[in-house]
Every structure is written in C-alpha cells, then in structure tokens.
Amino acid sequence: MKPKDVLAFAKENGAKMLDLRFMDFPGLWQHFSVPIGQLDEGSFEDGFGFDGSSIRGWQPINASDMLVIPDPASAKMDPFTQTPTLVMICDIADPLTRAPYSRDPRNIAKKAEAYLKSTGIGDTAFMGPEAEFFIFDDIRYESNSYGAFYEIDSVEGTWNTGRDEAPNLGYKPRPKEGYFPVPPMDKFQDLRSEMVLTLEQLGIEIEAQHHEVATAGQAEIDMKFRPLVQMADQLMWFKYVLKNVAVRNNHTVTFMPKPLFGDNGSGMHTHVSIWKGGKPLFAGDKYAGVSQMALYAIGGILKHCKALCAITNPTTNSYKRLVPGYEAPVNLAYSSRNRSAAIRIPMYSTSPKSKRIEFRTPDPSCNGYLAFSAILMAVIDGIQNKIDPGDPLDKNIYDLPPEELAKVPSAPGSLEEALKCLKEDHEFLTKGDVFTQDVFDMWIEYKTAAEVDAVRLRPHPHEFFLYFDI
C-alpha cells in the first residue's frame, strides 16, 4: 500500500487508533498509539517522536529523541483490540539527520537484503522459520535474593496423570510422545486452528499446524517462506497472534527454548534459499539435488555457526536445549534427511523451487530480523569465498563411536561461549555495513550484563538439592 491507500484502508475499516510498532534490540515488539486523526500522508516522512533511552540497548538519556517512521506496506487491522486499531510496523530514524538507526533490527535486515543484491549473487533471500512453542495453563515464577522457583502446569502435562481433576480423563502425552497423536490426546487442535485462521486473516499464509514432540502442549505452526524482511515482520505478528489467542482462551504461550526438564525444547528450524530473477539458485546436480552454490552456503553457515549462535540462540536458556547427546542438533555437520545434523537438506519434493537448506540450530527466542540477517551474511560469505562444507554426515550422529564423534565440531555450550565466538568472528557480518561495530559492542555488553552475569551470580535451586548437606 501507498500512504494514500493506508488512509483509505483505515477509513474503510473504521480505525480510531493508530498503533506504531517496532522491534527492540533483544527481540520484543514495542508500541505506542495515537488517535487515527494524527495520521496523514506527511506522517510517512515526518514520523512520530519517542524516547529511545527507554528501549533496551538503544540510546543514552542525553541523546534520547528518536523517530518511528511507519511503513505503509505493513498496514493491518489489529484482530484483538476492542477499539478498531490500525497497526503499522515502523523503522527507526535519527530526528536530526533522518538517517536509519544502526541498532534498529529492521534496518539491519533491510541492509542485509540490499547487500545480497549488491553482490550480484541473487536478488531475494527466502526464509522459512518453524518456530516451536508451548501452550501452558499456568505459569508461576519468582527470583529474588533469598529464593527462586518456577512452576508450570498444563492439562496435557504427563505429571498430571494422578491429579484429581473431577474427573481426570487421562490422555496426557508421555515425554517425547507428543508427535502426532489425534484428540483427545492432542487437546489443542481447535486452539491451534484458531491461531491459524487469525494469522490467515492478517494475510499470513500457513502451511500446517500440529502438536510437537514434548508433553504439556508443545506445538508448531508453519508459515510459508517469504523474503527476509517480510518474514521477520511476519514472525512478530506470529508471536503476537499466538500469545493473544492463547490468552483469550485462558492459556499462555511461550517461545522459551527449554521450559521443561527431561523433554524436548523448542527450536526454530530455519529454511533458507536464494533466488535471482524469479529462479531458485539452490537446486542443482550435487549432493541431495542441491547446487554448488548451496553447498558453499552450507559451508558458510558451518564455518560461522559458533558466532551465529550468539544471535540465533541468544539466551542462557537456549543452551539448556543445545546439549550434546540429546534432541537438539548441536553437531556442525550437514546431511539429507538426517535430523541430527545442524544443517539438513529437506527431501520432501524434487521441485527446484522447493530446494533449500534447513539450519536446525536456531531457536525462537531470537530476534528474527537479526537472526535471519546473520544467517544470510554467513551464506553470502560461504558463496563468495567458496567455503567447502566437507563431506555430508548421513549416519546417526548420536550413534557414532566417541573417536569419530570427536572429529565433528559442536555448537557453543553456553551463551557466554557464543558471545566470545561472536567477538572473535564477526567480520563477515560487517560487509556492506549490515552490522556495525556499535551493534556488536552493545549486544555483547547487554547480553553479558543482563543475562549471562545475572544467571551466573544466582544460586540455582537444584544446587540446594545437590549441595545443602555438604
């Protein structure tokens, strides 16, 4: 839509409020609203002012003024607000220079797309994330100087088979047996369908929805692949819709990678392909039907994976999922069909248009704009430098003898390690000025102080179980 089309769209839908949304640095959607009468065609150039010092990882208080510039192409009506509300996703700009803000994740994603085009390699990077999540009935937690706890509950939780539910009707998935039982074992079919229909109402194309492996309501809804920035925008709508549909049905949704001990965590397997002039470039006559370009792209991701994890797996909780020997693909190898490899080449279809690579290490706690951009930059680096990914690993990695497994590199074991890897390996991200040095400096500083140190300094409840009687 053009600005004048947005104004007509707002009038047609009876919009009374305008909600301006943007992504903060760590990865949460932020917003503020103005009466719809404040919107005119000049708003798409003049923007709206706000305090950037209150956004995590952004401006100091002595230089706090920022602008949000609404993107007319992003206009949608909010499906949840009681007052008819027009929503637009915004870009962030400096109010004096009007230059795009270097730490605005959406700006970084736009620069990544532009850099791909400037290389001549391709003109479109398609992303297809599979963001897994949990649906819970109740969540309670507390963390202070003298105590900490969390407690999760779910009607599907395998731990509730003995609970008095007046009556307890059973049908609760056992750990790692949630893939794909029909109702009544799967208790969230209708809820997921409501989520799907709401997403489709917003113009987001959905391919499938299903229960996932874990007990207690783990689920997946798959969006059809889209260009990088568009998919990052959609991922924010995706999380917003799922959380709000859940709340209005008295449930709660989390994209936390590892909320349950002893069962599968939530990943975000991300499908990647590059096209040029409407033609897919990752289909060819090499291993598993991919092109040499695709193999180089795999080489780029594998080479830089440890640094990528600081962005694609950006929480301390991410590394409760990324543990060697368990369900997550921590081993840096590639394969067709083998889901224990960090990169898989899906074999569902032989159509060139469906040929892509699937990076399985990321999780849905990430900032989609930053994660997709970093993945693309690793892909481009692999193609430009013809990085050989080595031989595929078609064996079950978890069944390899120790001496053979020792030769397979692994993803970082902690957020602290991943941040160290990013500090040592980020030059590939700076090409085309896509990621700037202040982005790395602030990301590492913020993540270390607010998350790594905050967790490291606190006693863990299980430590009392292990050590109190010493």
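Guide: Phe-435 touches Ile-108, Ile-311, Leu-370, Ser-373, Ala-374, Leu-429, Thr-430 and Phe-440, leaving aside residues up to four places away in sequence; contact here means heavy atoms within 4.5 Å. The model is a predicted one, in which local features need pLDDT of at least 70 and side-chain atom pairs count only at pLDDT 80 or more, whereas totals for chains, interfaces and linings use all residues. Residues are numbered from 1 along each chain as its sequence is written, and side-chain values use heavy atoms, with hydrogens and water left out.

Phe-435 also belongs to the largest nonpolar core, which has 122 residues; Leu-86, Leu-242 and Phe-435 touch the most other members. Such a core is a set of buried Ala, Val, Leu, Ile, Met, Phe, Trp, Tyr and Cys residues joined through side-chain atoms within 4.5 Å. Buried denotes under 20% relative accessible area, exposed over 50%, and partly exposed in between, with a 1.4 Å probe and protein chains only.

The axes of α5 (residues 228-248) and α8 (residues 368-384) come within 9 Å and cross at roughly 150 degrees. Helices are DSSP runs (H or I, at least four residues), numbered from the N terminus; axes are lines fitted to C-alpha atoms over the stretch in contact, with angles from 0 to 180 degrees between N-to-C directions. The two helices are therefore roughly antiparallel, a term for angles over 145 degrees. From α5, Leu-228, Val-229, Met-231, Ala-232, Asp-233, Leu-235 and Met-236 make the contact, and from α8, Gly-368, Tyr-369, Phe-372, Ser-373 and Leu-376. These residues divide into 9 nonpolar, 2 polar and 1 charged; Ala, Val, Leu, Ile, Met, Phe, Trp, Tyr, Cys and Pro count as nonpolar, Asp, Glu, Lys and Arg as charged, and the others, Gly among them, as polar.

The axes of α4 (residues 189-201) and α5 come within 9 Å and cross at roughly 135 degrees.

His-304 lies in helix α6 (residues 292-312). At 3% relative accessibility, His-304 counts as buried. His-304 touches Ala-378, Asp-381, Asp-425 and Phe-428, again not counting residues up to four places away in sequence.

Terms used:
Angles under 35 degrees count as roughly parallel, over 145 as roughly antiparallel, 65 to 115 as roughly perpendicular and the rest as oblique.
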